[in-house]
Amino acid sequence: MQEVILIKNGELALKGLNRSTFEDMLIKNIKQKTGRLGEFYFEKSQSTIMITPKTAEANLREACEDIAKIFGIAAFSLAASCKKDFEDIKATAEVFLADELFAAQTFKVEAKRSDKRFPMTSPELCRELGGVLLEKYPHLRVDVHDPEVTVTVEIRDNRAFVHGNQRRGAGGMPTGTGGRAMLLVSGGIDSPVAGWMMAKRGIKLIAVHFASPPYTSPKAEMKVHELLKKVAQYSGRIELFTVPFTQIQEHMRGRCPEEFFTIVMRRLMMRIANEIAEREHCGALITGESMGQVASQTLHALACTDAVAQFPVFRPCIGMDKEEIITIARKIDTFDISIQPYEDCCTIFTPRHPRTRPTIEAAAKAEARVFDQAMLDEAINGAELKIIY
Amino acid sequence: MEIYLDNSATTQTCAAAADEAAKMMTMSYGNPSSQHKLGIEALGHLNKARERIATVLSCSDDEIFFTPSGTIANNTAIFGAAALNKRKGNTIVTTTIEHPSVLQPIGQLEAQGAQVIRLQVDRSGNISEEELFRAVNKNTILVSIMAVNNEIGSINPVHLVQTAVKRSGSPALIHCDAVQAFGKIKLKPAQMGIDLMSVSSHKIHGPKGAGALYVRKGLNLPPYIYGGGQEKGLVSGTEALPAIAGFGAAAAALPDVGMEQVKLSYLREHFLTQIASMPGVTVNSPINALPYIINISVLGVPSEVLINYLSSFEIYISAGSACKRGRKSEVIRMMGLSSQRADSAVRISLSRFTTRDELDRLAEKINEAIVKFRR
């Protein structure tokens, strides 16, 4: 009996001739993530990726926890491989599923016979194996509609595989297959969720954060690091650029009309992000904005910020309620970090009565009063890189 | 050179305490409960530390119980006293400005059915003596009042509690959280009629990880932590000897309280004179506060901004209490001061090592911050 992990890559199976590009990227991502656990063999066949340990210490059970967080996987299971022979399948199932069946009350057997030369039909195989397992574990009942454990036997080209319940994968597309994009991350609830959602669709994330010491504390930056660390568990390593923003904000104070302060600030942030994104070969910007959540996230305000963006701006949270965003934040474990109460650069100098329906012309006019390319360049050049993983 | 003015959050461990702690880690590392020579030696050090704390509190050493922190001392005192007196009444008297490690346990007791009277503070941060006398009655089982408030340094009339209890014929036990007061004002719990008093090591230049609870002799306080029966069963868990011995050494190194108070009062006056000339700076600490804690509001400069700015010059102060990271000061709010004052409140807490030059530099930088950040 040899233990393996079987990975079902879901959506990728629908791809055409470039399917193997996607699969190779997925394998690369899995390798990168599980590397610390030892060496593994990877084998792809019939829209499944099979992982076998190369060395004795390579731990498949720990690898499962990593794999649950890799995008591009619909489902996976820890399985035992055996000879394509009913006696061997029987013996393997009895031993390999012992713990799982011992703890359950109901089960059923499913068979997938992709090799039609196998002498038993699928219903035969289910019936026979079900009988054997019932005899061995007499406390079990068969429940074909809602079993606690579904025992699956897969008869493939070279070998047979036996496994219990499948685990759901993280879904989506392998990170990196969708190109690179730059996430504007503040430290709130929304931006890490937005990053996660885009990473899920195969985007490789680069992040930019604006820091305004002494208005913002070093703890606010540590908070961003912690947040991205959580996102990186799914997306792979993230390069974070922390841009010093104090000088720009201080320059704006007193010069920019108060009701336009936030809009203008966001336009300047966009301009800085544009340049870093271009330098880093990103194809888009990502923000955590949600329609109507605050004054700078109304339709008019978003149009004003978009007007200076040189890339498509993705806002995956745009149509989500706060509750829905929080549900995801809890799932990816960023919520508790996000709610730590530190000021970020967006909340200082907030106008008392911001414009909710600014026109692009008015915003541009207000911006012209403070715009200073040299100052933006200084901020861009002063950005510090930190790699988060 | 850094200027550390956050001594109410914690203090730098003094050399005597650090040496003592190191000795316990590398040489006398035995378990005080062990039978062998090394264990007995460790027990000796534990008892020496106990004597040293007892000396400062003018009590007998068997009235001192070591705990892992001031918080655990407070919890042990409150839950123990409530359990001991549970058949004698149902009311607990405390104040609104206690430390969370007193407020929260009492909140728990309240959730379990106890009546709680919380004395309010006035605008200068003091609790009223008349109110205290009115609050205590025959049904009171516990009065818990801190000696010195951790955010504004106000000194509470804890010496009057015993009179209030006696006069009303109440069976109440008296607990005093003296974590901020210990080593800074003269505390004689026995003389003050206090049954339970909490103190902590790291506020008096001892290591973190040790506190102590004074329990009046004859009081059979039930534990709320169970285990190996250390500290006569009251605080189970192997004694953290390095921290405890360091605590003892720090207590032994405490200078004369009266002399220090005079010195610190001068320092405070010196600092207050300097900031008096700055526009829009108000003092939140009452006039009669402990001179070690100076709470001020620099109007128009949010606390966080001032702290971050000073931090960039290695000057360290805090907003309210360090225990509630990032949150606004509760105590300032309780005093009924404007939200503008609460948002810009900072706490400057001195130690016996603070110098006049350090405070001058602080004042200079506060002045700079006003020019730079006020709006």
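This is a predicted model: local features need pLDDT of at least 70, side-chain atom pairs count only at pLDDT 80 or more; totals for chains, interfaces and linings use all residues.

Residues are numbered from 1 along each chain as its sequence is written, while chains are lettered from A and ligands numbered from 1 in the order in which they are written.

**Exercise 1. Describe the overall build of chain B.**

Step 1: Chain B has 13 helices and 12 strands. Helices (H or I, at least four residues) and strands (E, at least two) are DSSP runs, numbered from the N terminus.

Step 2: The radius of gyration of chain B is 21 Å, close to the 21 Å that the globule rule gives for 375 residues, so chain B is as compact as a globular protein of that length. This radius is taken over C-alpha atoms, and the rule is 2.2 Å times the number of residues to the power 0.38.

Step 3: Of the 375 residues of chain B, 48% count as buried. A residue is buried if 20 or more other C-beta atoms lie within 10 Å of its own, exposed if 12 or fewer, and partly exposed in between, with C-beta atoms placed from the backbone.

**Exercise 2. Examine strand β10 of chain B: which way do its residues point, and what does it pair with?**

Step 1: β10(B) pairs with β9 (residues 281-283) of chain B in the antiparallel sense over 3 bridges; strands pair if DSSP finds at least two bridges between them. Here Val283(B) has Ile296(B) as its bridge partner.

Step 2: β10(B) also runs antiparallel to β12 (residues 345-349) of chain B, joined by 5 bridges. Asn295(B) stands opposite Arg347(B) there.

**Exercise 3. Trace the open sheet of 7 strands in chain B.**

Step 1: The strand order is β2-β8-β7-β6-β5-β3-β4, with mixed pairing.

Step 2: β2 (64-67) and β4 (115-119) of chain B are the edge strands, each pairing on one side only.

Step 3: One pairing is between β6 (residues 173-177) and β7 (residues 196-200) of chain B, which run parallel and share 3 bridges. Asp177(B) stands opposite Ser198(B) in β7(B).

**Exercise 4. Work out how helix α9 of chain A sits against α14 of chain A.**

Step 1: The axes of α9 (residues 261-279) and α14 (residues 373-381) of chain A come within 10 Å and cross at roughly 55°. Axes are lines fitted to C-alpha atoms, for helices over the stretch in contact, and angles run from 0 to 180 degrees between N-to-C directions.

Step 2: α9(A) and α14(A) are therefore oblique to each other. Angles under 35 degrees count as roughly parallel, over 145 as roughly antiparallel, 65 to 115 as roughly perpendicular and the rest as oblique.

**Exercise 5. Is His205(B) buried or exposed?**

Step 1: His205(B) lies in the loop between β7 and β8 (211-215) of chain B.

Step 2: With 27 C-beta neighbours inside 10 Å, His205(B) counts as buried.

Step 3: Phi of His205(B) is near 70°, a positive value in a residue other than glycine.
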